[in-house]
Amino acid sequence: RCFLHGNNGMEKDNRKYRFCFIDYMWYIAEKWSEREHNNLNGSALLFLCWLFAITIPLGIPLMFRCFSQIVAFAVVMIFCFLPSMFCKLRYTTGQCKTIREHYREMKHPGRNLLKIVLISIALAVANTVLMFHLGFIHWA
């Protein structure tokens, strides 16, 4: 919470900050981590969703199809670090406070986390089916 400007300063910060689904995902995991005292924080959830819903079903087949194995491996490794870099750049102390203030009334973080996980699984399955359909992945 921003104590320097009171509520008016926080409302002003909320208007400048654009909230997106990734912020929602980050907040849900942070709230769940605080509540259950586990290691699934916002950065970890974003990394896992990125890895299993985007990088593995889409990135790996495309990279290994388009580049040599060494180049493809290097590109995939860089892709794996993108969520971490994104979180370090986006979720500064001030932005974390703004996001927490924006979503403070949210209830049932466990149910919302389950919805996010199910959406990620559905996206991973759809992406894998798409890669099979387009011919980037073949049965052995």
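1. Let's start inside. Leaving aside neighbours within four places in sequence, Ser120 is in contact with Cys49 and Ala53, where contact means heavy atoms within 4.5 Å. Ser120 sits in helix 6; helices here are DSSP runs of H or I with at least four residues, strands are runs of E with at least two, and both are numbered from the N terminus. Ser120 counts as buried because its relative accessible area is 15%. The cut-offs are under 20% for buried, over 50% for exposed and partly exposed in between, with a 1.4 Å probe and protein chains only.

2. A word on what you're looking at. This is a predicted model, in which local features need pLDDT of at least 70 and side-chain atom pairs count only at pLDDT 80 or more, while totals for chains, interfaces and linings use all residues. Residues are numbered from 1 along each chain as its sequence is written, and side-chain values use heavy atoms, with hydrogens and water left out.

3. Now the overall plan. The protein has six helices and zero strands, so you can read it from the N terminus as α-α-α-α-α-α. Of the 140 residues, 31% are buried. Among contacts with a separation of 6 or more, 73% join residues 24 or more positions apart.

4. What is in the middle? The largest nonpolar core has 16 residues, and Trp26, Leu45, Tyr91 and Ile99 have the most contacts inside it. Helix 2 (21-36), helix 3, helix 5 (93-102) and helix 6 (109-134) each give two or more residues to this core, with the largest share, five residues, coming from helix 2. A nonpolar core here is a set of buried Ala, Val, Leu, Ile, Met, Phe, Trp, Tyr and Cys residues joined through side-chain atoms within 4.5 Å.

5. Have a look at Leu45 up close. Not counting residues up to four places away in sequence, Leu45 touches Met25, Ala29, Leu40, Leu113 and Ile116.

6. A nonpolar patch of about 970 Å² is made by Phe47, Leu48, Phe52, Ile56, Ile60, Phe64, Phe73, Met77, Phe81, Leu82 and Met85. Patch residues have over 30% relative accessible area and no salt bridge, with like charges joined within 9 Å and nonpolar side chains (Val, Leu, Ile, Met, Phe, Trp, Tyr) within 5 Å. A salt bridge is a side-chain nitrogen of Lys or Arg within 4 Å of a carboxyl oxygen of Asp or Glu.

7. Where does the patch come from? Helix 3 (42-66) and helix 4 (69-90) each supply at least two of its residues, and helix 3 has the largest share, six. Leu48, in helix 3, is partly exposed because its relative accessibility is 35%. Phe81, in helix 4, reaches 52% and therefore counts as exposed. The C-alpha atoms of Phe81 and Leu51 are separated by 9.8 Å, though these residues are 30 apart along the chain.

8. Last, the cysteines. How many disulfides does the structure hold? It holds zero, a disulfide being a pair of cysteine sulfur atoms within 2.5 Å. Cys49 is buried because its relative accessibility is 11%, whereas Cys66, at 54%, counts as exposed.

Note on methods:
Accessible areas come from the Shrake-Rupley method with a 1.4 Å probe; for residues, only the protein chains shown count as cover.
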